[in-house]
Amino acid sequence: MITGAAVLLGVSAGQAQAAEVAYATKCVPPSGIGLPDVNGTTKVEITAPATAKVGDTVDVVWKFTQAASKNPDIIDLPANSVQPSGTLVAAGAQSADIAMQGPRENPAIPKGGAMTLSDMKGTLKLTAAGQVTLTPDAYVVNALSTDTKCAPTEAVQPAATITVTAGEGSSGSGSGSASPSTSPDPSQSQSPSPSASASGTPSTSPSASESGGDGGQTDFTGKVVDIPYTCQSPIGEKRATSPIQINAKKNGGSYDLTVQFKKSVMDSPIDIPAGKVKPTMQIVLGGADEGSVMVEGPLNSAPIPQNQPIEIPDLTGVYKPGATGESTLSPGVLVIEAMGTTTTCTPDSTAVSLTLDTSEQASGASGGSGSSSSSGGSTSTSGGLAETGSGDHGALKALGLVAGTAILLGGAVFTFMPRRRAS
């Protein structure tokens with residue numbers, strides 16, 4: 001019986017061994033949603049070779065038999081929206097932190113359901129003869145671009161031991177190199193701020209007033225201005241900054257406006273059907289004129305696959321001046337509607353992107369209340385989002401994150417920041 005157990009555990013040379021450990025764990029949910037820390041128990045099974053030689057690179061598998069925390073009672077997590085990563089500590093004959101990572105694979109997890117995590121894998125290059133122990137340490141659960149960070153609150157026992165014998169390439173060194181065996185998922189954001197790459201070259205063309213008035217000019221290019229926003233979604237608040245440019249084309253006594261965003265930083269955490277995302281913005285008038293003009297973008301014409309960039313198209317509207325003189329145009333409140341949820345981003349401060357030499361038009365914007373109806377010909381947002389219907393109920397829960405969670409929890413710039421197409 002003892003011999004049979006030893007074989008099952010992989011104690012004979014070269015065979016894999018699997019052992020489970022349990023340890024008390026504290027999990028810290030993403031900030032900004034008001035959830036308390038969770039104290040639970042993590043149960044982990046580590047699989048690694050029982051024996052190997054110095055110079056070998058061995059594969060190690062971390063299997064969660066129980067995660068320390070459950071899915072909070074906020075939303076249902078869709079399938080393939082959760083990804084674990086963590087650290088496995090090698091000690092004894094050599095020391096190393098082994099980076100572990102699992103694929104973004106999971107069944108749908110209901111609110112309050114047990115968190116089902118994929119197996120994590122990593123590799124370790126053996127550099128010294130002797131006993132090398134493998135002990136699970138902290139791990140991160142990334143769900144729809146948000147991170148829950150879990151760490152042991154007690155000493156953890158080793159879950160596996162590799163007996164390393166001398167071989168070619170033996171250096172006697174007690175240090176080792178380790179790396180995850182899978183490439184990082186591009187949608188995962190381990191740090192609070194995802195990386196942003198600007199596409200397109202911000203224009204520095206002068207405004208109409210800087211070029212000495214219209215003088216027959218019909219196209220006016222605004223400057224790019226960085227606008228700090230406070231964004232309020234259904235689940236909380238987050239500050240973010242966006243570069244924005246306002247351009248205009250003269251059309252009789254009015255101006256056709258186009259608002260462009262200059263960065264793309266967010267991949268969709270889930271599949272979004274066509275016709276479910278719509279942005280609008282209020283442009284604030286100043287100088288000779290006052291009031292506001294609403295600009296809007298069309299609904300997304302194509303589905304947005306999971307892990308693909310969410311783009312905002314150009315926002316357009318019509319400005320009908322209500323005063324004669326130098327009138328300024330500045331970015332104002334941005335609203336993003338997605339499958340029944342609304343995120344409202346209010347500027348903490350604003351800056352002038354475009355200055356126009358305007359001539360007062362009948363029923364123009366001056367003295368308006370700031371709504372789209374007072375902007376004298378601004379485009380209407382009637383119609384809004386397409387009907388979602390009861391069939392979208394499950395996706396609506398998940399889209400609480402699309403409308404706000406990634407803004408609030410996963411990044412420092414807008415969830416719906418567009419990616420400008422190269423001209």
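Trainee: How many disulfides does a search of the whole structure find?
Mentor: The search finds 2, a disulfide being a pair of cysteine sulfur atoms within 2.5 Å. Keep in mind that this is a predicted model: local features need pLDDT of at least 70, side-chain atom pairs count only at pLDDT 80 or more, and totals for chains, interfaces and linings use all residues. Residues are numbered from 1 along each chain as its sequence is written, and side-chain values use heavy atoms, with hydrogens and water left out.

Trainee: Which cysteine does C27 pair with?
Mentor: C150, with the sulfur atoms 2.1 Å apart. C27 sits in strand β1 (residues 16-28) and C150 in strand β9 (residues 146-152), 123 residues apart. Strands here are DSSP runs of E, at least two residues, numbered from the N terminus.

Trainee: Why is the disulfide of C27 and C150 right-handed?
Mentor: Because the torsion about its S-S bond is about 115°.

Trainee: Is C27 buried or exposed?
Mentor: Buried, at 1% relative accessibility. Buried means under 20% relative accessible area, exposed over 50%, partly exposed in between (1.4 Å probe, protein chains only). C150 is buried too, at 3%.

Trainee: Next one. What does C231 join to?
Mentor: C345, S to S 2.2 Å. This link is right-handed, with 110° about the S-S bond. C231 is in strand β14 (residues 225-233) and C345 in strand β22 (residues 341-347), so the pair ties together parts 114 residues apart in sequence.

Trainee: And the relative accessible area of C231, what is it?
Mentor: 0%, so C231 is buried. C345 is buried, also with 0%.

Trainee: What pattern do the disulfides follow?
Mentor: 1-2, 3-4, counting bonded cysteines along the chain.

Technical notes:
Helices (H or I, at least four residues) and strands (E, at least two) are DSSP runs, numbered from the N terminus.
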